[in-house]
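This report examines selected features of one protein structure. Please consult the sequence and the 3D view while reading.

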Amino acid sequence: MITTKEQMNIVVVGHVDHGKSTVIGRLLADTGSLPQGKLDKVKIQCEKNARVFEYAFLLDALKDEQSQGITIDSARCFFKTKKRDYIIIDAPGHVEFLKNMVSGATRAEAALLLIDAHEGIAENSKRHGYLISMLGIRQLVILVNKMDLIEFDKSRYDTITREYDAFLSKLGMNSVVFIPISARHGDNLAAVSTAMPWYTGPTVLQLIDSFEKQSEDNVKPFRFPVQDIYKFTELKNDKRIIAGTVETGTIKTGDAVVFMPSGKRTFITSIEGFNEKVQLQVSAGRATGFTLKDELFLKHGEIMCRDGEVLPQLSNRFRANIFWMGHAPLVTHKKYKLKLGTGKVQVRLVKVISCIDATELSSISGKKQVDRHDVAECIFETGKPIAFDTIEQIAATARFVIVDNYDIAGGGIILRKEENGTSWLSQHIAIRERTWDKGKVSSAERLTRNGHRGMAIIVCGEGKQHDIAKDLEKTLFYAGLQTYFMSPDIVSTGIDSDLNDPGDIEANRIAHLGEVSRILTDAGLIFITALRDTDESDLLLYRELNKPNEVLVIWVGSSFNVETLSVDHILSDTTSNKTVRTIIDILRTNNVVTDYQI
């Protein structure tokens, strides 16, 4: 049965032992959202073990949490009211697990932040407040918990609210609601507390039901990050479904779409779902799938947009606010992995603009790196152009995390696109060419000996390009030319393969291939490779890395969507022998080889 009930994601944060798990457990119990018999089962287990029952035990599903008594990951659970269904993200409060809190909060539409009334405002309470603000979550409620431990003292509550409200005001977060609660006894959660008659505001459940669902997302430009592509052949129809979640906007069958950053265009043929009635339209928040009019090669991380609407920005350089949680500092000239939406690309820190102490909101000037728990405004550069929005435009495609090795080390939001500055690639190529130590054999001497110039040839397309490239190599070789074919897979798994981080193999593939190509073309060879899963950024990167030597890009097959690629020639005939002869004719025309050799 398909439910159309509204859903909302809420993240619960707070310093360790300030009562997050108890609050969530109580909400689950008081709304009748627990599996049947679950509450009684946990109570019986507590009796058997001579333990006092705590509502927090309802969430102790993680082994490490049970043994250490602290939440170490962003666990998800669900409860419901008459108005909507809630997905609660229980984010860790311990300082060591701030990265998990950030990864959890990136999915949230609202937040509950807990402060222990007895302990008061902790340093982490301020860090969490800053992170909520930085991630653009504006629906925030502060729950002053454990009021029973201070005998429901209003003056203590007023002191905490006054101090923390002043802190939030510095972040530009005004009119934040505070609620005094005792999660253990259920005061002001689902029912009004009789122990605090001086509080006349809403209960926690009443307040979260008053949160505004980000329905305005439905009218924003359409954004659908491609999560995966499924191909079904059982019915012999070769149906390919593009799967993911609609972040913003609305789309219907028949609409024209464009994928960013590749720029490929087509139309929506159908909207797919599992065990669902046929849908003709979907909107923000829906996990779904699409079939397309044309069979496009799409990479994970592409963002499907509605043609005719405002598209995401496209750049390999941007300015962002970031909170760093890595053990090692964030430094320039080191490769990291950036995860935005469903995409993963290499990223480097270019410059630290400013650094801020997150607990005191004081500026730290002159820093060249971002240390652990620092908040900084920085300029970043990715290995290839990415599609993104700014935080003011669409939060879902402006939030990102940075991975150092296998760990989430930072989280942030994109502020704007950066136009100026010398790219890391340009600097790398300039240094490489400046230090290139040539031998005593000139290019002219190699031309005389070989009878041809050194050149790189890329055969790309959607079918037989691999076989055509190999046949071209063989034909040229037996004609007496110095030629060599290399598959991109070789440099991905054999040359500088980054075995310590398999996720980076794909990102480095074109870069490694370009570096190898630069050497072999400088040696006077005709270097040949074949690419299937290529886009314009791949070709631009390859051309740059192979400079000053020439690159000839041949597209073989259907010319659909080739306008998004800077190819030199389009050959529609995929017959290998005929295509090879055509490529050789192109080499003759460009004076790469001489007539008598072929």
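This is a predicted model: local features need pLDDT of at least 70, side-chain atom pairs count only at pLDDT 80 or more; totals for chains, interfaces and linings use all residues.

In soluble globular proteins, nonpolar side chains tend to be buried together. In this model, the largest nonpolar core has 35 residues, and those touching the most other members are V11, I132, L140, I142, Y164 and L168. Two or more core residues are given by each of β1, β4, α5, β5 and α6, and α6 supplies the largest share, five residues. Leaving out residues up to four places away in sequence, Y164 touches L113, I115, I121, S125, K126, G129, I142 and F178. A second, separate core contains 25 residues, including I10, V12, L189 and L207.

Helix α1 covers residues 20-30; it is largely enclosed by the rest of the structure because nine of its 11 residues are buried. Among these buried residues are K20, S21, T22 and R26. After α1 comes G32, with a positive phi near 65°.

K264 lies in the loop between β10 (256-260) and β11 (265-272). Although K264 is buried, it forms no salt bridge. Two distances describe the surroundings of its side chain.

Which residues are in contact with K264, leaving aside its neighbours within four places in sequence? They are V257, V258, F259, L296, F297, L298, T534, N561 and T564.

Conventions:
Residues are numbered from 1 along each chain as its sequence is written. Side-chain values use heavy atoms; hydrogens and water are left out. Helices (H or I, at least four residues) and strands (E, at least two) are DSSP runs, numbered from the N terminus. Buried means under 20% relative accessible area, exposed over 50%, partly exposed in between (1.4 Å probe, protein chains only). Lys and Arg count as positive and Asp and Glu as negative; His and the chain ends are not counted. A salt bridge is a side-chain nitrogen of Lys or Arg within 4 Å of a carboxyl oxygen of Asp or Glu. Contact means heavy atoms within 4.5 Å. A nonpolar core is a set of buried Ala, Val, Leu, Ile, Met, Phe, Trp, Tyr and Cys residues joined through side-chain atoms within 4.5 Å.
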